[in-house]
Amino acid sequence: MEKIKILWADDEIDLLKPHILFLESKGYTVETTNNGADAIEMVGDNNYDIVFLDENMPGISGLETLTQIKASDPSLPVIMITKSEEETIMEEAIGSKISDYLIKPVNSKQILLSIKKNLDTTRLISETTQINYQSEFRNIGMRLGDRLNYEEWKELFKKLVYWESELENLTDEGMKEIFFMQKKEANELFGKFISENYLDWVNGVGDEIPVMSHTLFSKKIAPFLKQNKGEPLFVVLIDNLRFDQWKTIKKRLENNFRIDQEEIYYSILPTATQFSRNAIFSGLMPSEIEKRFPTLWKNDDDEGGKNLYEKEFFTDLLKRNGFPLKFSYNKITNLSLGRKLSENFNNLLTNDLNVIVYNFVDMLSHARTEMEIIKELADDESAYRSLTETWFDHSPLIEIMEKISKAKGKVIITTDHGTVRVQEPSKVVGDRNTNTNLRYKQGKNLNYNNKEVFEISNPADAFLPKQNVSSKYIFAKEDRFFAYPNNYNYYVGYFKNTFQHGGISLEEILIPFITLNPK
């Protein structure tokens, strides 16, 4: 392995000989100079791994030298060494992107620690992460052996999301493979858990029933409306936002907001927009919506959009719950609509409540299936998170969020369902009226592998509408997707490794509910 090469610039370099000998004894190569001009020239002529730079040198000062070094090589780590603890000097040095600073007199251990912190950080973090996950792997494994309740599943899922993020930058592919095997096991057991409990939950049976799509308003949003004392309240529903994707945009929001609650709730089945989002805004299960609004509810086989009447559903929900509020409902499905809402933001401040439905993440998941370039940009979960973060950083939504903060508005961020990256095809046969979703099917005369699905033979048991008397629903579990035997190989090749929703997985069902207060 090639030795790490250090440049040390200090007008009293002779006095630092003991430190230089110490570093050389540790295997580092150290070159020295006693002025800034030479340091700038040496950086231009050589490849150094790190620079130690005295702040107070005659001639070109340390800060001037720093500026020119960074102009020449922005990625070169520079450690500023100074006798002064003046705040303005430190601020200027930090503003010029120093990697660290040390106060004279320095000792050899400080210097060594600074080198390791700046050059060995990735390796040290990687080693520590692996050790910590190996310990946590056993803990998670033992928890999976227990009969978890719905709260415990939420906490375990948060741990899995955390470790997936921590492990994604490791070069050890074996450790990543171990994690994904554990996550797959968790999804298998979660599928069984949902199959055993879902019908009881939606029918109100038992003492332990999680907050779900149709109870989200009454359990989580209504209390905010009751407590609100005149501040504008915004409900921002980002369609198809997984909990791990929330974590990526959270960092950006913390500049302007304090995160009050970071919770998870359960989507209803199917984990598809026309069911789950309509349930949120109506406070009703799908068959109840169909009964109350027979001309507005759309089934899978009906023509036209399936989420065209959310405002009407929400108006009815507010009225039923005794909230005579002035509110706005804004659905953003493209960039121009987002910009228009941002430009007209002040108009929202006269309302008691503003609902914003933002469709980008849902469009991203569909585009990833249909467009080759998006498939390449979002090849896996890590890239999918990264693409979401990039979109958010450059979207009108971040502008809107910043304006909400300045207006001292409170915010609820949530979603209707998540997505899962599908890997395993599951054969299904149905007639031509069977819906096209890859993660759930409704229809009659369905033929499938019972072990690979959660079956609801009587849709009324799950408050689901049915297209005809003999209709049933089946839901794909884990990372499976439904494929027809006809043209099977093409179908599998086209849809494998795409992000889909509608079925049963941790990623689809356990979704974020976040409350923010402006800083």
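**Cavity, cores and sheets of a predicted model**

Colleague: Which helix gives the largest share of the lining of the largest cavity?
Modeller: This is a predicted model, and it holds four cavities of 30 Å³ or more. The largest of these cavities is lined by F157, V161, E164, K183, R242, D244 and E507. Three residues make up the largest share of that lining, and the helix that supplies them, residues 150–167, is α7.

Colleague: How much space lies in the largest cavity?
Modeller: Rolling a probe the size of a water molecule over the atoms shows where empty space is left. In the largest cavity, with R242 and D244 among the residues that line it, the space comes to about 40 Å³.

Colleague: Leaving aside neighbours within four places in sequence, which residues is M401 in contact with?
Modeller: M401 is one of the residues with the most contacts inside the largest nonpolar core, whereas Y265, I280, F323 and L353 are included in a second, separate core of 24 residues. Once the neighbours within four places in sequence are set aside, the contacts of M401 are V236, L253, F257, V411, I413 and L516.

Colleague: Which residues of helix α13 are buried?
Modeller: Helix α13 spans residues 310–320, and just after this helix G322 takes a positive phi of about 75 degrees. The cover over the buried residues of α13 includes the helices α9 (216–227), α11 (273–282) and α12 (286–292) together with the strands β8 (327–332) and β9 (353–358). The residues of α13 that are buried in this way are E310, F313, F314, D316, L317 and L318.

Colleague: In the open sheet β13-β16-β15, how many degrees does the twist average from one strand to the next?
Modeller: These three strands pair in the antiparallel sense. The edge strands, each of which pairs on one side only, are β13 (440–443) and β15 (453–456). Going from one strand to the next, the average twist is 15 degrees.

Colleague: Is G443 buried or exposed?
Modeller: G443 is found in strand β13, which pairs with strand β16 (residues 472–476) in the antiparallel sense over four bridges, and the bridge partner of G443 in β16 is K472. Apart from neighbours within four places in sequence, G443 is in contact with S470, S471 and K472. Its relative accessible area is 3%, and because this is under the 20% cut-off, G443 counts as buried.

Colleague: What is the relative accessible area of N240?
Modeller: Most residues other than glycine have a negative phi, and most peptide bonds are trans. N240, however, has a positive phi of about 75 degrees although it is not a glycine, and this residue is found in the loop between β6 (233–238) and α10 (243–253). N240 is buried, and its relative accessible area is 0%.

Colleague: Where does N497 lie?
Modeller: N497 is a residue other than glycine with a positive phi, near 75 degrees. Its place is the loop between α19 and β18 (499–500).

Colleague: What is omega for the cis peptide bond that joins L269 and P270?
Modeller: A cis peptide bond joins K104 and P105, with omega about -5 degrees, and P105 is found in the loop between β5 (100–103) and α5 (108–119). P270 lies in the loop between β7 (257–266) and α11. For the cis bond joining L269 to P270, omega is about -10 degrees.

How values were computed
Residues numbered from 1 in each chain as written. Predicted model: local features only at pLDDT ≥ 70, side-chain atom pairs only at ≥ 80, totals over all residues. Heavy atoms only, no water. Pairing = 2+ DSSP bridges. Helix = DSSP H or I, 4+ residues; strand = E, 2+ residues; numbered from the N terminus. Axes fitted to C-alpha atoms, helices over the stretch in contact; angles between N-to-C directions. Buried < 20%, exposed > 50% of the residue type's maximum accessible area, 1.4 Å probe, protein only. Contact = heavy atoms within 4.5 Å. Core = buried A, V, L, I, M, F, W, Y, C linked by side-chain atoms within 4.5 Å. 1 Å grid on protein atoms, 1.4 Å probe; cavity = no way out; pocket = protein on both sides within 12 Å on 5 of 7 lines; lining within 4 Å. Points joined across faces, edges and corners; volume = space filled by probe spheres on them.
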